[in-house]
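Have a look at the model first, then go through the notes below.

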Amino acid sequence: MPWSVGIRFSHAVLQTLADDHGVDLLHIKGPAVDDSLGGGTRHSIDADVLVRPTHVEQLIAAMHDHGWQTQYLFEDGSAFEHASTLVHPFLAPVDVHRRFPGVDGDAATAFERLWVERHDMDLAGVACAVPSVAAQRLILILHATRAGALNHPDIQQSWREATEEERQSVTALAGEIGAGVALAAGTGRLHEHVGEPGYDLWRVLSSGETSRGRLWLARVGAAGTRRGALRTGLRLVVPNRHRMTTILGRPPSRRELALAYVASGRRGVREVLLLLRSAAHNRWGA
Amino acid sequence: MSGFCVPRRVAFVIPGDSDAPEVFLMQLPDGPPVVLHGASAVIWVLAADGEEDVVAEVGRTMGVARDMLEGDVTTHLRDLVDRGWLLARSD
């Protein structure tokens, strides 16, 4: 079965499970994108859905009852802990999002804001709920920005080629759900947000930064609370047992975990030290 | 019987990049998917599209006289209904 067919079937299955179990979800990215933004021509590796946060457990339980297995927990994914990946014997993997990186407002409130403007799109013959086109533009821009791909066709199509009215809709929506900083990072207006929470993080992310140290500092800085910063910091340094199990095809041994811990810690610490030294060098002009 | 439609819990994808007629079908939510090729795919698509006289349309599409294929097409349509890939409308 072609991969593109499997992805459409995954969307159709998710909508059916959502209908059967009273779960609210929105299909995002890939074939769920409006034709005006590239829609059906997109090549994806998985099916993405954004779920009402209070319905996430219910959806995942329903998926488990129908042959899906959790490959990555929310905590195993990115530092944003925004999505869990589930796999199936013959369908395309699904990324279940409980929030979207860049949307800093309350996740439940943000979902509701997107939910009220949803409409149906036909995916594999099934009416699937998708966000408004303005919300789709915002999601595509945030996704490309997080990857540091500011010249990505999605930003080109969703922002640079948009009309002034379309841009205003996207900007207004971003403001309502706390995505103003991330949107600005993707659209060349980040300087308007200097000093705001998330500024440093999105400045680093949108630059395509690959230094673990810089990313670590930016994410820890954006965590907001001391507890959040500690959790984020640990997440980025401690090797992920679940991910190692997936890569190795078996649970890692204690020795492998210990070695990974040391290697990961060394890499992170080395880069943070280099970063601090470079900052001191610039500050004192030595 | 005055035509067919797709059952509510059947998903279908007609790949746009395939040279030959092909349609993938799946009972929701558990599958498994199946694929119809060639004449079988043509018959399903025409029926699913609401074509009232599938036999005539298949004949036109494939350039074959009606009496040469009526029996086979009717049997195949019945089989698709029995397997749950089509729903016969009774209106």
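Let's start in chain B, where B:L25 sits opposite B:V34 of strand 4. Keep in mind that this is a predicted model.

**The chain B sheet**
- Strand 3 of chain B and strand 4 (residues 34-37) of chain B run antiparallel and share 4 bridges.
- These two strands make a hairpin with 6 residues between them, and B:G31 in the turn has a positive phi of about 70 degrees.
- Zooming out, 3 strands of chain B build an open, antiparallel sheet in the order 2-3-4.
- Strand 2 and strand 4 of chain B are the edges: each has a single partner strand, so one side of each has no neighbour in the sheet.
- On average, neighbouring strands in this sheet are turned by 25 degrees against each other, ignoring direction.
- Helix 1 of chain A packs on the sheet and touches strand 2 and strand 3 of chain B; the helix direction makes about 155 degrees with that of strand 2 of chain B.

**The nonpolar cores**
- The largest nonpolar core has 36 residues, and A:F9, A:M63, A:W68 and A:V96 touch the most other members.
- Helix 1 of chain A gives the largest share, 8 residues.
- Leaving out residues up to four places away in sequence, A:V96 has contacts that include A:V49, A:L59, A:M63, A:F74 and A:H82.
- There's also a second, separate core of 34 residues, with A:V170, A:A174, A:V181 and A:L201 among them.

**Helix 4 against helix 5 in chain A**
- Helix 4 (residues 133-146) and helix 5 (residues 153-160) of chain A pack at about 145 degrees, their axes 9 Å apart.
- Their crossing is left-handed.
- Helix 4 of chain A brings A:R137, A:L140, A:I141, A:A144 and A:T145 to the contact, while helix 5 of chain A brings A:D154, A:I155, A:Q157, A:S158 and A:W159.
- By class, that's 5 nonpolar, 3 polar and 2 charged residues.

**A histidine in a loop**
- A:H191 lies in the loop between helix 7 (180-186) and helix 8 (199-206) of chain A.
- Is A:H191 buried or exposed? It counts as exposed, because its relative accessibility is 56%.
- A:H191 and A:R203 are 12 residues apart in sequence, with 9.2 Å from C-alpha to C-alpha.

Technical notes
Residues numbered from 1 in each chain as written. Chains lettered and ligands numbered in written order. Predicted model: local features only at pLDDT ≥ 70, side-chain atom pairs only at ≥ 80, totals over all residues. Heavy atoms only, no water. Axes fitted to C-alpha atoms, helices over the stretch in contact; angles between N-to-C directions. Left-handed = near helix turned anticlockwise from the far one by under 90°. Contact = heavy atoms within 4.5 Å. Nonpolar A, V, L, I, M, F, W, Y, C, P; charged D, E, K, R; others polar. Core = buried A, V, L, I, M, F, W, Y, C linked by side-chain atoms within 4.5 Å. Buried < 20%, exposed > 50% of the residue type's maximum accessible area, 1.4 Å probe, protein only. Pairing = 2+ DSSP bridges.
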